[in-house]
Amino acid sequence: MATIEECRAALEKLSDNMQSAEGDVRTAAALDRSVSCHITDLDVTFVGRLTGGRIEVADTVQGPPPQKAEIRLAMAGDDLVALVGGELHFAKAWGSGRVKLEAGLKDLLSLRKLL
């Protein structure tokens, strides 16, 4: 099972990847939205903001997100690490229910370029 530190490092790596992206991916990463990522097996949530092409984690809270973010992810820590490491394909994980993504329709259309 991935640790909180490994999950935080995976989010930082994802943020770095988004920052260096080009084309449609960079455009999608340029959203300015509140974000939460609930790590279900650790029952911890990273809350922050997607802004300037980066995910800025502002806090880590115990349990589910305290407020409803505009973009909400939920998954096991190992799945987050595998997604960012390229070992797990997002569409397959999402389709099987291993990863949950909730956002407004317009955001979902933009995010599909990222994922």
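**Overall size.** I began with the radius of gyration, taken over C-alpha atoms; the globule rule is 2.2 Å times the number of residues to the power 0.38. For 115 residues a compact globule would have a value near 13 Å, and the protein chain has 13 Å, which agrees. The C-alpha trace spans about 35 × 30 × 25 Å along its principal axes.

**Provenance.** I note that this is a predicted model: local features need pLDDT of at least 70, side-chain atom pairs count only at pLDDT 80 or more, and totals for chains, interfaces and linings use all residues. Residues are numbered from 1 along each chain as its sequence is written, and side-chain values use heavy atoms, with hydrogens and water left out.

**Elements.** I took helices (H or I, at least four residues) and strands (E, at least two) as DSSP runs, numbered from the N terminus. The protein chain has five helices and five strands. Their order from the N terminus is α-α-β-β-β-β-α-α-β-α.

**Surface and contacts.** I looked up the accessible surface of the protein chain (Shrake-Rupley method, 1.4 Å probe; for residues, only the protein chains shown count as cover). The total is about 6,600 Å², and 52% of this belongs to carbon and sulfur atoms. I call a residue buried under 20% relative accessible area, exposed over 50% and partly exposed in between (1.4 Å probe, protein chains only). Of the 115 residues in the protein chain, 39% are buried. A contact means heavy atoms within 4.5 Å. Taking contacts between residues at least 6 apart in sequence, I find that 57% join residues at least 24 apart.

**Helix H1.** H1 covers residues 4-19, which is 16 residues. From first C-alpha to last it reaches 23 Å, close to the 22 Å expected at 1.5 Å a residue; the expected span is 1.5 Å times one less than the number of residues. The buried residues in H1 are Cys-7, Ala-10, Leu-11, Ser-15 and Met-18. Seen down the axis of H1, they fall within an arc of 140°, so they line one face of the helix. The arc is that of the directions from the helix axis to the C-beta atoms.

**Cysteines.** I searched the whole structure for disulfides (pairs of cysteine sulfur atoms within 2.5 Å) and found zero. Cys-7 is in no disulfide; its nearest cysteine sulfur, that of Cys-37, is 7.4 Å away. Cys-7 is buried, at 0% relative accessibility. Cys-37 is also buried, with a relative accessible area of 3%, and is found in strand S1 (residues 33-39). Not counting residues up to four places away in sequence, Cys-37 touches Leu-11, Val-44, Thr-45, Phe-46, Leu-73 and Met-75. I also checked Cys-37 against Leu-14: they are 23 residues apart in sequence and 12 Å apart in space, C-alpha to C-alpha.

**Asp-79.** I found Asp-79 in helix H3 (residues 77-84). Asp-79 is buried, with a relative accessible area of 10%. Leaving out residues up to four places away in sequence, Asp-79 touches Leu-88 and Arg-98. Asp-79 and Gly-48 are 31 residues apart in sequence and 20 Å apart in space, C-alpha to C-alpha.
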